Structure formats: structure tokens, C-alpha cells
Amino acid sequence: MTAEHQRLAVNATKSIPLAQWGPYLSERQWGTVREDYSAYGDAWQYFPYDHAHCRSYLWGEDGLAGISDFFGNLCFGLALWNGQDELLKERLFGLSNPQGNHGEDVKELYYYLDNLPTHYYMEYLYKYPQQAFPYEQLKVENRNRTREDPEYEVLDTGIFNDNQYFDVKTTYAKQSSQDIFIRIEVTNRYSKPAEISVMPTLWFYNRWSHGTLKGKPSITATGKTSVRAEHERLGDYFFYFQPADKTMFTENETNREIVLGLPNDTPFTKDAFHYAVINGKNMADLTKKKSGTKFAPLYNLKVPAGATKTIYCRLTSKEANNPFVNGFADVFDVRKKEANEFYAAILPKGMSSEMANIQRQALAGVLWSKQYYHLDVEKWLGTSDGITPVSTIKQTGRNNDWTHLKNQDVIMMPDKWEYPWYAAWDLAFQCISMAVVDPTYAKHQLLLVMREWYMKPDGQLPAYEWNFSDVNPPVQAWAAMQVYNIEKKQSGTGDIAFLKKVFQKLLINFTWWINRKDIEGNNIFEGGFLGLDNIGVFNRSYHFPGEVQLEQADGTSWMGTYALDMMDMALEIAMYDRSFEDTATKFFEHFVLIAGSLNEHGLWNEQDRFFYDVLCVTGADPVPLRIQSVVGITPLYAVSTISKRVMDHLTDFRKRTTWFENYRKKNAKFWPNEERSNDGEILMSLVPKDKLIDLLKRLLDEEGFLSPGGIRALSKYHDKNPYSVTVEGNTYSIRYDPGDSTSDMFGGNSNWRGPVWMPINFLIIQSIRRYGEFYGDSLTVEYPEGSGVRMNLQQVADHLTKRVITLFEKDKNGDRPLNGDYNWFYKIPGNEHLVTFYEYFHGDSGRGLGASHQTGWTALVAELISEYGDRENMPGASRV
């Protein structure tokens, strides 16, 4: 075992398998629902970016390249000043949803370079302009653009031209779990010397202003290069730093004059460092002060052209007489070596350095996505933030029926700036990537959102803080089996106790779906937008007045997949505990009923040979919404195999399913696709073989779903063939839209009408591979459609995997498709290795779109690379 594996083994024995210190500090706390105390839920306006530097938060903290303990009590991050800006750079800047022409968007360049699951080694790179940061230019230009225009990004401003910027690289290396060395390297990338002020900042999360602490914590000077941080819950910590130009203390409390127009009782406010460093205001008071709740040493550096200057700090629970002994910096080399050994042990052998770099940065991003998340909905609804009184309107508004939800955990975020809140179905995908590096923590995260302080008493899982009641696809059972199998492959042993815990919780959730989303009791399911924002011709979460009902092909397919996944889970458990055999039968039968409804109740369109949503209006014929989107591909996900070994062992399951099959066939009732191989393996799927072949024809057509970078969410067929439907006198239309969203549906910052999305591609690839493992060479299809080249389905899955991976790979010119028009920047020496993981990708060019650090699910490319690498290295494997 590597050193990191040994540390993980210790973590696995804890009730919460988590290091006490890690990258748990958010990158955006402002503009979140939990900081919004307005009556009408306008989170972006209520706590804007312009208040972030001067107004204390109630539910967390944010910072730049930061860390905290796992309750967010004590935080560390960077503050920088280039001598030009009106504010210090102590958090990432971005546009709010109303400011952006495609919704909220971070406008900074930063990269998660490396991380270990125990966070004994972490690297973060931030690129800081030497000229004044173009805050106003970014706001104005994006405001002047329409939804038809691309976003105006920081690289469009010219601020990074001629390399006139600093690389600020922050590296953390733990000596032990409570002893952290910090290295801040500032490199001048410009051709001339440049000045920069660097403030490594330590501060406490403000819990005291609202009475959740008995006493106010304190950071107190203990010498010229050290302070002690005292906190009643955390205990004492010591912060050591190299000699600085100045040391400053203030309080992490609101500047009432700026926020409320009321006089301050003291100059020691949250934003005091800004005015002291930039304007000299109250600098003498800050340097004379010897204690506070926010502290920073100030380093004024002049960095020669191309040179690097380094600052070292140390945060530890043990007082040290000589905190920087000779050779102290060796800890960074030791931990980096351990990180290399860890990844060499878990990642496929023989990969190219390019593939290995993509995979490692993807996994680093997943590990950096851990964030302390704090929200008590009951308290949030019923108390004031000290600025706005308690509102009866707010108490009956957003999330008012989620008062049981009391979250205070470290949980993975989809994107710590754009989406600094957990999302149930994003998290399920994240756990698959996390399982590659830390399966124990992946299991913990899946179980966490099913705990009683998350899951509603009726069984509904929380979607995300903007509306916990929104409905996302039920992927938790599928994700649990993925994580289980990844760990079983790694260790040779499956965690049956984990499956039992998940299964018991998901029984409640499955029942909620049956009771709430199958209105007619006919196994045809609704669900609303189901995480696919603007995929529909209209908002699928909207309920039309009158007797209008939307029967959803994907809602029904997701439930078929859910039932099959629950059956798989029950069968796996039953091989060790026969008491689960009955429930396996129950989910088998439920799957059969859902399959019958999907295939026989009008969701399959015989003319188009495709699945569609159907609009049902009382007194009129059902109207299929003939949109070729991934909604109609979703039935492919429901595929599983049952081995002869399982059937031989679970005799009651075999007896019951045989009877059920005979009964339904005898009475001319629908029976789903069930085929048997020569060795007795049984294939179960929602899609009969003939329909599978028809769906694959569309899926693998480059004029339809198949793009150079994977499967599009909406077929390119609709570029020349837009679709319209009239409902209640209103006409709704949809067409192929491969780039940023031109719709304002769900905030307008995501687009499912043509781009390539990683989670959907992952599901499709996994499903096609499973069909291929069963059929082998007995089923071949054209790939691409019309090419005349026939392949079996495992080969198709390999080719689709390769297409997705090429989004991230350099081509022969050194360009990565995801970088689009910005490849010039990423070909500059020193930037060639940097990879970002976008939320989704242009349906034609592969350019990255949406959130730029969406390792929440785009890090699935790491698992695809692992699977691809394993298959490429198999004896006799064909090369793609």
C-alpha cells in the first residue's frame, strides 16, 4: 500500500471518513439561497458580489485557493493586490445570473492542479493580471450582448495579452493531519519587473454575531511571525509565517456604513484590509491591533521578469519553537512523491502522459470540490439576518416545506463557484469519479443525502437549494452499484453492508416516486424537467391549466432503470443474505410492468421508430412531441444481465420469475426484452432488440446525435427541421442549438438543445457496452451510420469513449477542442498542461461551455479513461 492508501485505511475506520482539514472553503458564498433573507427570493440581488468583501456571511465563508476545518470554523485563503485594483483579490469574480447574457459565470483563470483524498498534498493555480482587473468591462460587455452572442470572457478583454500577469500557485503539504505547511509561489510571467502585495489570510467563520457560540473566538499575536487562533469548538491552532512587511488584524464583521448606511462603531470591519493596503486608511490601527477574528501578514513583493518569489506559512495545532527548521520544505517533495505513487497505483498502466494528465486533473477537481455546506431551513425561514426582518412571505415561499433539512456537512459541489450547493443527481455522478480515488468517501456521500436530515419524511431527496422539491432523475441506485463495483474491482471484496443501507433508504424513495409521479397508476411517469433544463419544447415542470398531462418517455424510462437497478442490488445482496430474495422479485415484476407501459401506451412512435413524450388532453387524441432528443434515448439505460450462477443459487427468485413470465405470455400480456445466452445468462432491457437497432441508427448518425465529441443532447436533425406545437393557444418551438443557451428557461445558463453532456454520454456508453457484452459479435451495427463499417456494440462503446476523450486531448496542432478560440493562450509555454472541465460542450466544435470547473460530473472522463486504458491494454484488444 502507498502512504496515501495507508492514510485512507485509517480514515475508513472513522464515522465520517474525512480529513479534518481540506479544501472545504467555498469559492462563492454570496448570491446563494442560504444567504438570501429577502421576501421574494432574489438571492443574486440580496447579497451581490459588491457586498462580499464588506458583509459577513451567516452560513459559511468563501475565499481564494482556500482551506478550512471540516466545520468551517477556521479558514485560510489568499488576498492579492496588483497595485491597480480598487479592491483586494480575495475571492473569485463572476457575473450574477441577471448580469450574464447566459446566466451566472465566473470570469477568472484558475486551475485545480493536484490533490490527494486525505489532502496531504494539494496544488491550486490562480492567474492574476498585473493591470487593473476588468470588472466593469466584463459587466458592460456581457450586458450589451444578447443570448445569441457568446459570453464575453476574461481572455477576450486583452488583460492577459503579452503575458502581463502573475502565476500564483498555492501548495499545501501536511506534516500530519493537524500540521499543514503552505507554499505560495508568485511567478512574474511578464517581460518586465512587476509589484504585487500578498496577504496569506487567516479568519474565523462568524458564528458569534448570531449567538451560536458562547464566546467570540480570537486570533492573537504571540510574536513577530506567529499568532494563536483560539476557538471553543476547534481548540487552539498556531499560524506561523516568514517575516513580513506588516501584520494586520481586524474583525470578520459587517461594515454597516457601506451595507446599511449606518455609522460603524469601530474601524475593524471585514473589509478593513482593503482600504488599509490600497489607500492607507487605518493602517496604523490595524498594525497596532494585536488580536481579532481576521489576520494577515502583508508581503510587498517586486518580482523580476520571469522570476518566482516564494512565501512559506504553517498552520498547526502544536506550538513550535522553530516552525521552519532546516529542510522543512522537503515535506513538499515528500508529499508530491507520495501523490505520484498513489496515482501510479490506481490508474491504468501504459497510458500516455497526456491521458494521465487529463485524468489526474479531473480527479484533482473532484477532490477540490469538497465544500463545507451549512443550512438549517427552519432557522433560515424563521429568523432575521440582522438586516431584513422575518418575512411571512418568505416563510411561505421557497423551500418552506423542507424545515426538517438541517445540513452541516462537507459535501461535493458540482462547481464551487457556479454551483456552490449540492445537487442530488450531480452528486451521484461525482461519487463514481470519487470512487476511483476514495471509495469509502464516495459511499459516505451517497448515503449522506439519504439520511434523515436530508431526505424528506415521505422519501423525496433534496434536489438543490434553489428548489429542494425539484425532481431529478433517480440515479442513486445506479450510482451505488457503480461505486460498489469499482471498489470490488479494486479490493476484490464488495461492501454488502453499504448496499443494504442504500437499498433500505431507496425503498422509501422508490415508493415516493410511485405514489407521487404515477398519477394515473398506469406505470407512466411524470417528473418535470428531470435535470434536463430546456430539453423540452416547453418547460416540462410547468403544469398546464385544465386537463392537460405530459406523459414522459424519460420519466418512465428512469423508473424502469430504477427498478432494474434495485433488482440488481437486491440480487447481489441476496447472494449473501437470502432475506432479500423476495424484494429482488418485487423489483423484477415492477420492471416488467413499467416496460409494458413504455412500449405499449403510445410513447414509442412506430412511424419514426423513436420514443417521445406524449401530451394528453382530455377529449382529444394524444399528441406525441416528435423531438429527437436524449429523452427518447433514455430507455437504453435500463439494461441488465442475470447470470446462471445467480439463477441457480436463488431458487425462489427463479421460480417466481418463471411463473410470472409464463402467466403474462399465456395471457398475451407484454413481456420485456429477455434473451438467454448459451451459458444461461439472461439479458433484461426496456428496449427489444429491433427497437435497440433503430435507436442506434439515430444515435450513431453524424447528421443526428453523433458529434465529433460524443452524443448530442438534441439531434442535429432539428437544425433544418425545427419542431413546434400549440398548447392552450400558445405556440412553442425548439431547434438544434449547439452552443450557449438562447433560452432563458431555468436561468438560461445551461443548454440541452444540442451540446454534448458528459453524464448522458457516460450512461449511453455504459449501456451500449452492457448490450455488447451480452450480444458479442451476434449483433453488429454501422458506425457511423451510413459508413458501411460494421462493429459489435463493445467496439461502438470504445469508439464513443474515444470521441468524448478527444474533447480534452491535444490534436496534432497542440489544440484541445474544449479550449475553442482560446487555444492561443493554452499553447503559451507553461500553460500547455492546463485543463478545464466544462459543464457541457458545443455540439459541433466541442468548445467548452457553461461552468468552467464542473468536475461535478465532467470528471467522469477520468473513469472513461480508466476503462479505455484497461481495454486498450487487454490482450488482443483492437485499437481505436
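Leaving aside residues up to four places away in sequence, His718 touches Arg626, Ile627, Gln628, Tyr723, Arg735 and Tyr736, a contact being heavy atoms within 4.5 Å. All this comes from a predicted model, where local features need pLDDT of at least 70, side-chain atom pairs count only at pLDDT 80 or more, and totals for chains, interfaces and linings use all residues. Residues are numbered from 1 along each chain as its sequence is written, and side-chain values use heavy atoms, with hydrogens and water left out.

His718 sits in helix α21 (residues 717-720); helices (H or I, at least four residues) and strands (E, at least two) are DSSP runs numbered from the N terminus. His718 counts as buried because its relative accessibility is 1%, the cut-off being under 20% relative accessible area with a 1.4 Å probe and protein chains only. The His718 side chain also reaches the backbone oxygen of Asn721 at 2.9 Å.

Over to the strands, which pair if DSSP finds at least two bridges between them. An open sheet of six runs β1-β2-β3-β10-β16-β14, with antiparallel pairing. β1 (21-22) and β14 (246-250) are at the edges with a single partner strand each, so one side of each has no neighbour in the sheet. Within this sheet, β2 (residues 64-69) and β3 (residues 74-81) share three bridges, and Leu64 has Leu78 of β3 as its bridge partner.

Elsewhere, β17 (residues 308-316) pairs antiparallel with β9 (residues 179-188) over nine bridges, with Glu185 opposite Thr310. β17 is also joined by four bridges to β13 (residues 235-241), again antiparallel, and here Phe241 stands opposite Cys313.

Technical notes: Buried means under 20% relative accessible area, exposed over 50%, partly exposed in between (1.4 Å probe, protein chains only). A polar contact is a pair of N or O atoms within 3.5 Å; within protein, one must be able to donate a hydrogen and the other to accept it, and residues adjacent in sequence count only if both atoms are side-chain atoms.
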